[in-house]
Structure formats: C-alpha cells, structure tokens
Amino acid sequence: MPYYQTWEEFARAAEKLYLVDPMKVRVVLKYRHCDGNLCIKVTDNAVVPVNLMAVIGLMSHVCLSLQCLQYKTDQAQDVKKIEKLHGKLMRLMVSKETHSGAMETD
C-alpha cells in the first residue's frame, strides 16, 4: 500500500472515498513513538477474494482492499492537518444530515 507524497492529494482522495459510501469508510490513526511518525489510513473496507493459484501456483485465497489511502508524516504542521481532517470526517460520520455538500463547505 503506497503512501501519498502530498497532503493535498491525500485529503482530496480521502474526502472522495468517504462521499462515495460513508457507511463503509474506516479511518485509522497510528503513532509510532520510536520513529516519531503519525500515519493515517482511510479505507473503504471492501474486500475482493483473489485466487493466488493462477499467480504463484498455490491453492489459497487472500483478501485485498479495493481502496486504501495512506499518509505518513513526522512534521508538526502535518499533524495539525491530519487532526483537522480526522475531526471533519468524525463530525460527518455522526451527523444525521446528508453528506453531499458537507465536505465542500470547509
């Protein structure tokens, strides 16, 4: 799962992913003290079985996520941006309003 290089691209992709199907989006924040890195992962929680037999000759299955967006940083200014996006997504997830125009207003 590759990481996005710029915050703007990641935030735009995360908002689009949320607006597609808000009930299936999952957001994970992870801080590693030993590295000083904060990672945010946004996924649509969808899985597709992939038959590995055709690829490497094994008789097993694995589930891969369709959309998994990741961004990692050790900069304080990016941590504030992550906090703001995370708060925005959490507010949308608990609101009872429609989600169509809510992300564009901020």
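**Reading the sheet, its helices and a surface patch**

Tutor: In this predicted model, strand E2 (residues 37-43) pairs with E5 in the antiparallel sense, over six bridges.

Student: Which residue in E5 stands opposite Cys39?

Tutor: Lys72 in E5 stands opposite Cys39.

Student: In what order do the strands of the open sheet come?

Tutor: The order is E1-E2-E5, three strands with antiparallel pairing. Strand E1 (26-32) and strand E5 (68-73) each have a single partner strand, so they stand at the edges and one side of each is left without a neighbour in the sheet. From one strand to the next, the twist averages 15°.

Student: Which strands does helix H1 lie across, and how does the helix run relative to E5?

Tutor: An angle between two elements compares their N-to-C directions, on a scale from 0 to 180 degrees. Helix H1 (residues 7-20) lies across E2 and E5, and runs at about 145° to E5. Helix H3 (residues 76-94) also packs on the sheet, where H3 touches E1, E2 and E5. The direction of H3 makes about 150° with that of E1.

Student: Met93 is found in helix H3. Why does Met93 count as partly exposed?

Tutor: A residue is buried under 20% relative accessible area and exposed over 50%, with partly exposed in between. Met93 has 31% relative accessibility, so Met93 counts as partly exposed.

Student: Which residues form a nonpolar patch on the surface with Met93?

Tutor: Met90 and Val94 form the patch with Met93, and together the three have about 260 Å² of accessible area.

Technical notes:
Residues are numbered from 1 along each chain as its sequence is written. This is a predicted model: local features need pLDDT of at least 70, side-chain atom pairs count only at pLDDT 80 or more; totals for chains, interfaces and linings use all residues. Side-chain values use heavy atoms; hydrogens and water are left out. Two strands pair if DSSP finds at least two bridges between them. Helices (H or I, at least four residues) and strands (E, at least two) are DSSP runs, numbered from the N terminus. Contact means heavy atoms within 4.5 Å. Patches are made of residues with over 30% relative accessible area and no salt bridge: like charges are joined within 9 Å, nonpolar side chains (Val, Leu, Ile, Met, Phe, Trp, Tyr) within 5 Å. Accessible areas come from the Shrake-Rupley method with a 1.4 Å probe; for residues, only the protein chains shown count as cover. A salt bridge is a side-chain nitrogen of Lys or Arg within 4 Å of a carboxyl oxygen of Asp or Glu. Buried means under 20% relative accessible area, exposed over 50%, partly exposed in between (1.4 Å probe, protein chains only).
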